[in-house]
Every structure is written in structure tokens, then in C-alpha cells.
Amino acid sequence: MPKVTEEHAANRRRQIVDAARACFVRNGFHQTSMQDIIAEAGLSVGAVYSYFKSKDELIGAIVQDVGEHINANLGSAVGADPAPDLDVALSAALNVMESQLEGLFRLAVQMWGEAIRDPAVGVHVTGVYETVRGHYSALAQRLIADGRLAPGTDPLAVASVLLSMTQGYGLQRVLMTGLTQESYLNGVRAIIATVGNQPNLRG
């Protein structure tokens, strides 16, 4: 039998993961069967099961892929020189997550539920959000050093709020209608301006 090259194996794995992601975005984790994924991938049953033994393994692989994508792209987006303002960084993060991975927010909402159900998935999901928060925290530290955030500001607290804004946008985009990234960011900027003009709100 011909030897399967590493490149061939990686391409085949990617084909299966992409098929699973398309099915999950379209029908959800629990309404998608392995047979659905096999049909979407256009491969034999044996070919798919030789890479992934279960749907749970595919869910874990997708979560890991999402984390790697965000880590690679968000780091460069918020790590620009000079350091971007908070609203610009948030906009960059939303662009990375929304435009470069089809259906990411719809998957993210499902991943939250899977993280509670399956501890192994929970580890991956927590890792993704810790990565995002870490990038935001590093940005906050740079803004403090530049004098654009007040001395004594807790970078992790700032990062946690930005992470909540990122997650909140994604949740509303999935569950509600009428929200645009522009209107959301305008709201964020209004809040930032209000806090900036009222020293008693700064803590």
C-alpha cells in the first residue's frame, strides 16, 4: 500500500474538520450525526473514523483550531505599534473573529454549553478565552505605560471587560437581529467617553 504522507494526512484531517464545522454551524452539535459529517466531507466511513473516533473528538479539534486562529491573528491585531486605543482593539478583535472564521460566533455559543457538559472541551474553551484576555491585558499594560490609561489601572480587569464585550457582541449577533458592529462600537465609545468625562466613575 502507498505510504500516506504527513501533508496528505493533514489535508484529510482539515477536510474532515471543515466538514464538521459546516455541519455544526448549520445544525448545531447535537443535531449533527457522524453520518452527516461523513456525507459533508465526501469521504468513506473508514476514512473519517481513522482520524476521529467520535463527534466529541471533532468538537475538541474545532475548539483547538479556533484557539490557534485567534492566537495567531488577534495578537498581531492588538499588538500593533503604536498601541491601538481600546475601541480600535475591540474592533480589530471582532473583525478577526467574525470575518475570518465563518459561523464562529454561532459555534462559540454552542461551545459554552459543551464546555459545561464535557470537561475536556471545557479545558480547550477556557484556554481560548484566556488567550483572548491575555492579549487584551498586554494591550492594557502598554496603554498604561503610554499614559492613555490611568496609573494604577488593573490590566487584567480591563482585559476582562473587553473579553465580556467581545462575548456579548457574539451572543447578540447569534440570538438577536439588527445589531451591527458599527452600532455596537459606537455604544462602546459612548461609554468610554462618559467615563472619561466623569472622574467619579473611574474608581
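1. Overall fold. Read along the sequence, the pattern is α-α-α-α-α-α-α-α-α. That comes to nine helices and zero strands. Helices (H or I, at least four residues) and strands (E, at least two) are DSSP runs, numbered from the N terminus. The C-alpha trace spans about 70 × 35 × 30 Å along its principal axes.

2. Basis of the model. This is a predicted model: local features need pLDDT of at least 70, side-chain atom pairs count only at pLDDT 80 or more, and totals for chains, interfaces and linings use all residues. Residues are numbered from 1 along each chain as its sequence is written, and side-chain values use heavy atoms, with hydrogens and water left out.

3. The protein has 203 residues, and 39% of them count as buried. Buried means under 20% relative accessible area, exposed over 50%, and partly exposed in between (1.4 Å probe, protein chains only). Contact means heavy atoms within 4.5 Å. Among contacts with a separation of 6 or more, 64% join residues 24 or more positions apart.

4. Domains. The protein is divided into domain 1 (1–53) and domain 2 (54–197). The bounds come from an automatic or database domain assignment. The domain centres, taken over C-alpha atoms, are separated by 28 Å. The contact takes 17 residues from domain 1 and 17 residues from domain 2.

5. Core. Which residues touch the most other members of the largest nonpolar core? They are Phe24, Leu58, Ile62, Leu90, Met111, Tyr136 and Tyr184, out of 55 residues in that core. Helices H1 (6–27), H2 (34–41), H4 (55–78), H5 (86–99), H6 (104–117), H7 (119–146), H8 (155–175) and H9 (181–197) each supply at least two residues of this core. Domain 1 and domain 2 both give residues to the core, so it lies between them. A nonpolar core here is a set of buried Ala, Val, Leu, Ile, Met, Phe, Trp, Tyr and Cys residues joined through side-chain atoms within 4.5 Å.

6. Met111. Residues up to four places away in sequence are not counted here. Met111 then touches Phe29, Ile62, Val63, Val66 and Val125. Met111 is also one of the core residues that touch the most other members.

7. Glu114. Buried or exposed? Glu114, in helix H6, counts as buried because its relative accessibility is 3%. Not counting residues up to four places away in sequence, Glu114 touches Phe29, His30, Ile59 and Val121. Phe29 is also listed among the contacts of Met111.

8. Cavity. A search of the whole structure finds one cavity of 30 Å³ or more. The largest cavity has a volume of about 200 Å³. On a 1 Å grid over the protein atoms alone, a cavity is a set of points where a 1.4 Å probe fits but cannot get out, and lining residues have an atom within 4 Å of a point. Grid points are joined across faces, edges and corners, and a volume is the space filled by probe spheres set on the points.

9. Cavity lining. The largest cavity is lined by 19 residues. Ile70, Leu104, Ala108, Val128 and Tyr129 lie nearest its centre. H4, H6, H7 and H8 each supply at least two lining residues. The largest share, six residues, comes from H6. The lining divides into 16 nonpolar, three polar and no charged residues. Ala, Val, Leu, Ile, Met, Phe, Trp, Tyr, Cys and Pro count as nonpolar, Asp, Glu, Lys and Arg as charged, and the others, Gly among them, as polar.

10. Ser91. Ser91 sits in helix H5. Ser91 counts as buried because its relative accessibility is 16%. Leaving aside neighbours within four places in sequence, Ser91 is in contact with Gln181 and Leu185.

11. Arg173 counts as partly exposed, at 37% relative accessibility. Leu175 is exposed, with a relative accessible area of 61%. Arg173 touches Glu98 and Leu179, not counting residues up to four places away in sequence. Arg173 and Gly75 are 98 residues apart in sequence and 23 Å apart in space, C-alpha to C-alpha. For Leu175 and Thr126, the C-alpha to C-alpha distance is 22 Å, and they are 49 residues apart in sequence.

12. Cis peptide. The peptide bond from Asp81 to Pro82 is cis, with omega near 5°. Pro82 is in the loop between H4 and H5.

Methods: 1 Å grid on protein atoms, 1.4 Å probe; cavity = no way out; pocket = protein on both sides within 12 Å on 5 of 7 lines; lining within 4 Å.
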